[in-house]
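Colleague: I would like to learn how to read a structure one feature at a time. Could we begin with contacts?

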Amino acid sequence: MIPAAFTYRRVSSVDEALAVVAEHGDDAKLLAGGQSLLPLMKLRFAVPEVVVDIAPLDELRYVRAEGGEIAIGALTRHHDLHHDPVLAEHAPVLARVAGSVGDQQIRHRGTIGGSLVHADPAADLPAAILALDGVLVARGPDGERRIRAAEFFQGPFETPLAAEELLTEVRVPVQDGAGWGFEKFTRRALDWAIAGVVVAGGAVALINMGGTPLRAPATEAALASGASAAEAAALAAEGTSPADEAHATAEYRQHLARVLTERALVAAGR
Amino acid sequence: MKVSIEINGRTVTGEVEDRTLLVHFVRERAGLTATNVGCDTTSCGACTVLLDGESVKSCTVLAAQADGHAVTTLEGLRGDDGGLHPLQRAFREEHGLQCGFCTPGMIMASVSLLAHNPRPTRQQVRDGLEGNLCRCTGYHNIVNAVMNASGQEVQR
Ligand SMILES: Cc1cc2nc3c(=O)[nH]c(=O)nc-3n(C[C@H](O)[C@H](O)[C@H](O)COP(=O)(O)OP(=O)(O)OC[C@H]3O[C@@H](n4cnc5c(N)ncnc54)[C@H](O)[C@@H]3O)c2cc1C
Ligand code: FES
Ligand code: FES
């Protein structure tokens, strides 16, 4: 399978990338690691006229602790997050989740920014950023804006980013000492989650339990009022409407959400 | 566009369509056919090569993205003595292949795995090769081959 013809543009600065997408709008697509975009292009689900390769922008590849926050450049690869010493110390849950995206080959190319902007409800990092109350920093023709994770994931593959905007950074609060857990149930190795859960302190976010990653408010409230892991996890599927399809019925996914949440809460020390 | 990629230490230059995939450049331009296309959907790992030393699925990288970078394919592997690379030798000794279709990708993924973790556990080998499918061997001998190449005990 070969993508439809397009014009490849490699850029060497964020400003240059913004200039190219400003010129082409919806006809252009940013290419980061390509691990979601190129498969879609090969299937002709995406047919951009111009592909803007931002992978060379090393200035967007970093993890830094800054005061009470960790700043992560959008082009930081999953493999680098998985092995990052700053994350290991201040947000181990993020390192762990990054290590479960696809396989080693995919993690060597794929970036956190690409995963968040792709906004697949079955993806792992969006749920982690939602659990961490992360903030996404985007740059566009009118300058920079910050979008809270809770407002960023709007639907399957849907975010408020415009074609003319580039995600530059993700910021999460440091998690020093907070318990964490991550559970993901897959049908095969390297796969997306049938269902999954990320626990970070008192926050619980579910993977693939609706059109976006979802917080589990009933579970979080129960935890806050001192419920046990089992009691809180029993409420995890409340209000969710997961997909009902060949690999898993909605009912089965809700069952998984409860079981996985209890395991993740126990791992988090609740 | 014109791309120039260092493949196994030799610079290969060619005029390609912008949409050309790295795997096609390696096979058709460079004439190196150990790198296989299996699934074409980023799932099977038969097309795995090293790009700047890290394993990638070359069916999901544009040749244009590799322009100016270094690629290593199975043909570029050598042992210290100039003969077979320890992983090539170990796949042979442990009967880690049958039809051999997946083997180049398995070996390239294993090179990357051992570079990050020189003495993996059996489970770490399995996790490290989760992106590589084999339809013949049942994986057991492949895990043995990687254990052998890393100087560890194998399971008979
Ligand atoms: C076989 C397979 C298995 C996978 N398994 C998993 C899995 O288990 N869990 C999981 O979470 N994911 C999985 N994935 C998905 C994939 O790994 C990620 O979605 C991917 O890493 C995305 O990052 P990328 O840098 O490759 O993005 P790209 O493919 O380059 O881009 C994705 C989208 O984001 C846009 N984009 C990228 N960067 C930016 C930016 N900085 N600003 C604005 N827009 C941007 C692109 O235009 C495109 O629309 C899998 C993929 C494959 C092929
Ligand atoms: S051919 Fe590239 S992963 Fe299967
Ligand atoms: S040896 Fe035949 S596919 Fe692996």
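Modeller: This is a predicted model. In chain A, take the contacts with a separation of 6 or more; residues 24 or more positions apart account for 60% of them.

Colleague: What radius of gyration does chain A have, and what would a compact globule have?

Modeller: A compact globule of 270 residues would have a radius of gyration near 18 Å, and chain A agrees, with 18 Å. Along the principal axes, the C-alpha atoms of chain A fill a box of roughly 55 × 45 × 30 Å. There are 12 helices and 12 strands in this chain.

Colleague: How many of the residues of chain A, in percent, count as buried?

Modeller: Of its 270 residues, 56% count as buried. Chain A exposes about 10800 Å², and carbon and sulfur atoms supply 50% of that area.

Colleague: How many positive and negative side chains does chain A have?

Modeller: Chain A has 24 positive and 35 negative side chains, with the centres of the two sets 5 Å apart.

Colleague: How is a pair of aromatic rings described?

Modeller: By the distance of the centres and the angle of the planes. Over all chains the count comes to 2 aromatic pairs. In one of them, Phe152(A) and Phe153(A) are 5.3 Å apart, centre to centre, with 90° between the planes, an edge-to-face pair.

Colleague: Are Phe152(A) and Phe153(A) buried or exposed?

Modeller: Phe152(A) is buried, at 0% relative accessible area. Phe153(A) also counts as buried, at 7%.

Colleague: How do the rings of Phe185(A) and Tyr252(A) pair?

Modeller: Their planes are at 90° and their centres 6.4 Å apart, so this pair is edge-to-face. Phe185(A) lies in strand S9 and Tyr252(A) in helix H12 of chain A, so the pair ties together parts 67 residues apart in sequence. Phe185(A) counts as partly exposed, at 31% relative accessibility, and so does Tyr252(A), at 35%.

Colleague: Where is Asn8(B) placed?

Modeller: Asn8(B) is in the loop between strand S1 and strand S2 of chain B. Its phi is positive too, near 50°. Asn8(B) is partly exposed, with a relative accessible area of 28%.

Methods: Residues numbered from 1 in each chain as written. Chains lettered and ligands numbered in written order. Predicted model: local features only at pLDDT ≥ 70, side-chain atom pairs only at ≥ 80, totals over all residues. Heavy atoms only, no water. Helix = DSSP H or I, 4+ residues; strand = E, 2+ residues; numbered from the N terminus. Rg over C-alpha atoms; globule rule 2.2 N^0.38 Å. Buried < 20%, exposed > 50% of the residue type's maximum accessible area, 1.4 Å probe, protein only. Contact = heavy atoms within 4.5 Å. Areas by Shrake-Rupley, 256 points an atom, 1.4 Å probe, with all protein chains shown as cover. Lys, Arg positive; Asp, Glu negative; His and termini not counted. Charge placed at Lys NZ, Arg CZ, Asp CG, Glu CD. Phe/Tyr/Trp six-rings, centres within 6.5 Å; stacked < 30°, edge-to-face > 60°.
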